[in-house]
Amino acid sequence: MLTEDDVYLDSLPEEIEVSIGVPLIEVARTLDEPIGDKEFRGGVRLLLEVGAVVAPRMPSELRDLFEELRLAMRGVTVR
């Protein structure tokens, strides 16, 4: 069964979906199966790094969400 999130991801240009898909799944997994803050923070950092590469080609609403996440993570370490 597809969720609204799956439908949204599938509607993105392939380059963006491929770039952020796996890191996004990993972040979601750390939320579903709490294995530690370090893994979550690391996953978010990876998501932001790969997202930065394709951000200019993202729809504006997704780019804005990535920017909000980037600002929220500023100063948060992965330790």
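The points below concern the fold, surface and salt bridges of a predicted model.

1. Basis. In this predicted model, local features need pLDDT of at least 70 and side-chain atom pairs count only at pLDDT 80 or more, while totals for chains, interfaces and linings use all residues. Residues are numbered from 1 along each chain as its sequence is written, and side-chain values use heavy atoms, with hydrogens and water left out.

2. Fold. The protein chain has four helices and zero strands, in the order α-α-α-α from the N terminus. Helices (H or I, at least four residues) and strands (E, at least two) are DSSP runs, numbered from the N terminus. The radius of gyration is 13 Å, close to the 12 Å of the globule rule for 79 residues, so the chain is as compact as a globular protein of that length. That radius is taken over C-alpha atoms, and the rule is 2.2 Å times the number of residues to the power 0.38. The C-alpha trace spans about 35 × 30 × 15 Å along its principal axes.

3. Of the 79 residues, 25% count as buried (under 20% relative accessible area; exposed is over 50%, partly exposed in between; 1.4 Å probe, protein chains only). Contacts are heavy atoms within 4.5 Å; among those between residues at least 6 apart in sequence, 60% join residues at least 24 apart.

4. Charge. The chain carries 9 positive and 17 negative charges, whose mean positions are 13 Å apart. Lys and Arg count as positive and Asp and Glu as negative, with His and the chain ends not counted; each charge is placed at NZ of Lys, CZ of Arg, CG of Asp or CD of Glu.

5. The whole structure holds three salt bridges (a side-chain nitrogen of Lys or Arg within 4 Å of a carboxyl oxygen of Asp or Glu). One of them joins E15 and R57, with the closest N and O atoms 2.8 Å apart. E15 lies in helix α2 (residues 14-32) and R57 in the loop between α3 (37-54) and α4 (60-73), 42 residues apart. E15 is partly exposed at 41% relative accessible area, and R57 is partly exposed at 40%.

6. Salt bridges within helices. E26 pairs with R29 at 2.7 Å between the closest N and O atoms; these residues are three apart in helix α2, and therefore separated by about one helical turn. In helix α4, R70 and E67 are likewise three residues apart, about one helical turn, and their closest N and O atoms are 2.5 Å apart. R70 is partly exposed, with a relative accessible area of 38%, as is E67, with 35%.
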